[in-house]
Amino acid sequence: MNKPKVLILHANGTNRDVELGEAFELAGAVAEIKPLTTLIKEKTNWQDYQLLAVPGGFSYADTLGAGKLFALELKIYFAEQVQEFVASGKPVIGICNGFQALVKSGVLPGNTPNERNATLTFNADGQFECRWVTLAPQSKKCIWTQHLNELIYCPVAHGEGQLKLANPTFYDTLIHNDQIALRYVLPNGTLAHQKFPYNPNGSIGDIAGICNSKGNVLGLMPHPEDHVLRYQHPRWTRGEKGLLGLRLLEEGVKYAGE
Amino acid sequence: MALHRFIVSPTSQTDPHAARLLNNAKAFGFDTINEIKVDNLYFVEGDLTSIAQQRLANELLHDIICETCVVEEAATPLTPTLTLPREYTREGTGMAELQSYVIELLLRPGVTDPVAEQIIRGAELLNIRNIKHAASGQRFNIKTTQPLSNAELQHLAKRLLVNPVIHQYNLGSINQVHFPEAVPGSDEVANIPIRKLDDKALLALSQERRSALSLQEMQAIQAYYQGEERDPTDIEFETIAQTWSEHCSHKTFRAHIQYGDETIKGLLNTFIRRATNNIAAPWVASAFVDNAGIIDFDDQYQLAFKAETHNHPSAIEPFGGANTGLGGVIRDVLGVSAKPIANTDVFCFGPQDLPMSQVREGTLHPRLISLGVIAGVQDYGNKTGIPTVNGTIFYDAAYSANPLVYCGCVGLIPKNKHPRDPQLNDRVIVLGGRTGRDGLRGATFSSMTMDAQTGEVAGASVQIGDPIIAKGLIEVVTRARDLGLYTAITDCGAGGLSSAVGEMGSLIGADVDLANVPLKYPGLAPWEIWLSEAQERMLMAVPPEKVCALSELCDTYKIELTDLGHFTNNNCLVVRYQGKPVLQLNNTFLFDGMPRLHFDIPTLPTPCRSVTEIQKTATQEELESWVLTLLSHPNIASKEHVIRRYDHEIQGGTVVKPLTGVKNDGPSDACVIKPQGTSGVRGMVLSNGLNPEFGKYDPYRMAVSVIDEAVRNAVAVGANPERIAILDNFCWGDPKRPETLAALVECCRGCYDGAMHYFTPYISGKDSLNNEYVAANGQRSAIPGTLLLSALGIIEDINHAVTMDFKKAGNLIYLLGETKSEFAGSHFNLCGGNIENSVVPELPTYGPRLYHTLHAAMKQQLVRSCHDLSEGGLSVSLAEMCIGGRLGCEISLGDTNVITALFSESNGRLLVEIMPENKLAFEKLFMTNKLNTLVHYLGIVTNDAVMIVNTLERATSGSPLHSHPAELRRGDPLVALPELLISLPIEKLVRAWQTPNFGSFA
């Protein structure tokens, strides 16, 4: 069987594209990193790809808000391609800056077209945080998390990762639609209840990742691509292992290959 | 044309940025301030319809979910004196009436404003095309319980909110913005009549142009032009001043020094390069040749390493200074065709609670300096996607006016992929940012001492970097390298194009035209274009037929490419403006014509070198209190609040992280990285050594100590001691003062001896002299002579890496090395230990053998944890290992002076943790190497969460001492009775270590 191909987008300032590519290859996909300028110039056919990934970084230096200008470019240059990818049900993932771009372009949570219901803004403590967090997969609808049966341990590295919603009722909508894909939890798996540093940014409901109502598009702040090997675990010298972020990426690749 | 003001405010009542600002305001004594709200402020010039304004606001400038945006038409321009100083409102809160004030700031014209550029670009994406200019700023809404006078508001603005070097501000709203128009530069070139000047006039000229040239140097220039029978142009004069600056030419390090009876033909050659040459390590690929030193990594790759200082710029504009300091060193690494893979940062700051009254005129408070510097490194390192993985922070009152900012960068290069051979007719290509007055005369600026006016006069020397352009350069250069698109590359650093083109062209010659250089704003004279230190620019020699391919690559990553001219083969540098030559200098004169400096100085009195055993003893209570005081000394206390600001995980290869242990908060000795894209199990190790306290007493021993520390730290995580390369970074005072230079000589001598001892070659280095502040009354204050030693090592198998956290109760704890009563410059003394007439720790003769044996033990995976002993000695290291593992320990010191045993900072010592089943194998290794006297069994790791130190082993502790080889025993348990010295719960240690206490400076 041919390996699924993942298209990894690169805007100016994207910087976790290479390790995301390596992680996807480890998960069984073929990864191609394409700068947006190249996509425009080559008139790349997005239908050649089975997965789409928007990686982390500081696209355009996070000027005017993290992911804002990346989102604008997606909306202006690639609205059709993104729309098609999302509608076709193929797996799409946005990580960190990619999540911010998907949210700010309205792809996520995507419940009402052309209306923003959520945003990612400055962490509650106002500071960039680089630390490891524990995530509990929640959504049984999200193709990236539905079959995961163990926690994920991986780092966050962001200053604008606090999920805020337009209104409190929208939180109920997300629950009702099973759109909360991942939550920050304590190491034992119980909810962080906003407690720092387990919930590193103060996100409402300890939400670390959400999916669209269809379940094929996942956005998350933490970096599963930075925990795909044993020696990346902060306590591997203590013999601790497992809870790989790789599992999440494998789910997407598996789904794309089916 | 209309000027629109967009005011963007957070809707949330709890704005963390505002909260932090308020904290700082209170810390600086503004007690009556109740609230400071911060809005983002954007100015857009252009005739915009209300629909366009709305779209700009909603789709670009603010986040509709968590911010509000108000659009205003800027009022008719008012002269500043007419601007209302405050907007007075009454708030009937039922409590005291609050006064409201507004202060607005804007970047000064000419300071890079990436936000403004993105506003225009974003607007174009939204199809809003009639925006002429944009600018960004901030608006502070301040509420106070008591009225503030204008003078107080000015004070608040200058002390806390604004940096006048880069910002302009107004008490009240800003209604007028000066936008520079983009027009070509001027062709104004002045001749400088130098041939007939007398000595006094020569010096006056040097001063007037802030060139920092001595009389002797001015005379050499004069003689050259007398021979040429013409006067220099301004651009020629400035080029010579740059090239001959301390910063670019390291003239003090090349000077001939008569040091007592000893003739030293250059510190650099005598002490630094000679070590490298004598060691002649086959794995050193390049040392002191390129922008960065290069060593072999494995069969396929090499590693480049460079560290730089950016002290003066960081003193006057901490964010921009540190930002561009890191930017510069990243470009150094890119300048040897390497992809940056790790950053390091080491800072020296003044006490963070320095009373405002002690802040020197024209300088910033150390707290603002440290906040700015850390934010600057965070911004640049994180945004360029390079993990910041190693560093330290050292505090001393002497750094208050003159902080030190060291930035280092490691890069990865495929073997033999760095070309250094520009060819005749290759194009002179500049990649990257546009040129402005940024950083003008930065090289000469950094070669001067600072005074109260420095910030004002040297404002142009400072700039803010643009890390996204740097990231784009990384993408372009690494790909261009792989495609073989260039024949030589270097970065534009200090001295700008003059240095870069000059140095690259010094091999063959070059002919360039400055009219081709794209400018940020109008009116730059040719000399300014030539010398500008605008950031994020790389220079390449590109064969004409490859320019097109390079240009395409640049388009992909949105990097500007400029063709300045071509390389020649006449050994001459010709610079033109619109075809007309403005600079014609002979390379031989420019690069070799500088008169060599000569110094004749008396030798430094020999510091105390004889060890006297101390008699001092202490009670349990005193010992415990000392341990806690040391743990919360700012130099020792946790740096987690800084480390977490840096992304140390990016690129996915951080095997040993800066923080480690059960709670990911123990202090690692060094980091281990498995570089992205390499195969196999090999990794690289980064560590550092720094101890200015030692230098205050004995600069020679400071040097050998920091070499020992850097090597020891690297070995502690698993580096092979036979494969460690080092960098020297000197920050010193004014070398024209004999005792300052003498201390530098002794320090350099230590550099040689230390490097030869451990056989660690220098591959690159840097010196920053004249780190002094001169007060208005002429009183000088210099920093303590400071040497940062950075080490780059190799670990053959990352699976053998070791971290510092205790792993398991029941494991055995050993101390390796010899402890002597060495207290000069110790942190025990800094915390009130008062041990006088002591010595700075010596270089342990056994060091190399001990480290090799320890490394062998690690390769056999006998070592469960390992931590070096440095500031605070055994007590601090032991406590840190307990903190890392959240485990207790019980050790006994034996029949020895407890103060020395616990707090002396003797070099060459480490603590290791061994599983009981590996005891014999471990001890045998050391015995085979005849090191048994250096291996001291101390006790065991426990589950009790208490750190216990006894004089002698307690019979009840159940540790396996009785099964110990006799020669490893200390003391004689049969005669003396054990005495409890320290019993401290781990949580108490954690609390002390995580709460830095600047009160300990008093």
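Me: What makes the meeting of α12(B) and α16(B) a contact, and which residues take part?

Reply: Two residues are in contact if their C-beta atoms, placed from the backbone, lie within 7 Å. By that criterion Gly327(B), Ile330(B) and Leu334(B) in α12(B) meet Ala470(B), Leu473(B), Ile474(B) and Val477(B) in α16(B). The residues of this contact divide into 6 nonpolar, 1 polar and no charged, where Ala, Val, Leu, Ile, Met, Phe, Trp, Tyr, Cys and Pro count as nonpolar, Asp, Glu, Lys and Arg as charged, and the others, Gly among them, as polar. The model is predicted, and local features need pLDDT of at least 70, side-chain atom pairs count only at pLDDT 80 or more, and totals for chains, interfaces and linings use all residues. Residues are numbered from 1 along each chain as its sequence is written, while chains are lettered from A and ligands numbered from 1 in the order in which they are written.

Me: Why is α12(B) called roughly parallel to α16(B)?

Reply: Helix α12 (residues 318-334) and helix α16 (residues 467-483) of chain B pack at an angle of about 5°, with their axes 11 Å apart. That angle makes α12(B) roughly parallel to α16(B), because angles under 35 degrees count as roughly parallel, over 145 as roughly antiparallel, 65 to 115 as roughly perpendicular and the rest as oblique. The axes are lines fitted to C-alpha atoms, for helices over the stretch in contact, and the angles run from 0 to 180 degrees between N-to-C directions. The helices themselves (H or I, at least four residues), like the strands (E, at least two), are DSSP runs numbered from the N terminus.

Me: Which strands does α16(B) lie across, and what is the order of the strands in the sheet of 7?

Reply: α16(B) lies across β15 (427-432), β17 and β19 (537-542) of chain B, running at about 135° to β15(B). The open sheet of 7 strands in chain B has the order β17-β19-β15-β20-β18-β21-β22, with mixed pairing. Its edge strands are β17 (488-491) and β22 (580-586), each of which pairs on one side only, and neighbouring strands are turned by 20° against each other on average, direction ignored.

Me: Why does Ala61(A) count as buried, and why does Asn837(B) count as exposed?

Reply: Ala61(A) has 22 C-beta neighbours inside 10 Å and therefore counts as buried, whereas Asn837(B) has 10 and therefore counts as exposed. Ala61(A) is found in the loop between β3 (51-54) and α3 of chain A, and its phi is near 65°, a positive value in a residue other than glycine. Asn837(B) is found in the loop between α26 (827-830) and α27 (847-859) of chain B, and its phi, near 55°, is likewise positive. Most residues other than glycine have a negative phi, and most peptide bonds are trans.

Me: Where in chain A are Pro109(A) and Pro197(A)?

Reply: Pro109(A) lies in the loop between α5 and β5, and a cis peptide bond with omega of about -10° joins Leu108(A) to Pro109(A). Pro197(A) is found in the loop between β9 (180-185) and β10 (207-211), and a cis peptide bond joins Phe196(A) to Pro197(A), with omega of about 5°.

Me: How many residues of chain A are in contact with chain B?

Reply: 44 residues of chain A are in contact with 46 residues of chain B. Among the elements that each supply at least two residues to this side of chain A are α1 (17-26), α3 (68-77) and β7 (152-158). By class, that side has 20 nonpolar, 14 polar and 10 charged residues.

Terms used:
Two strands pair if DSSP finds at least two bridges between them. A residue is buried if 20 or more other C-beta atoms lie within 10 Å of its own, exposed if 12 or fewer, and partly exposed in between; C-beta atoms are placed from the backbone.
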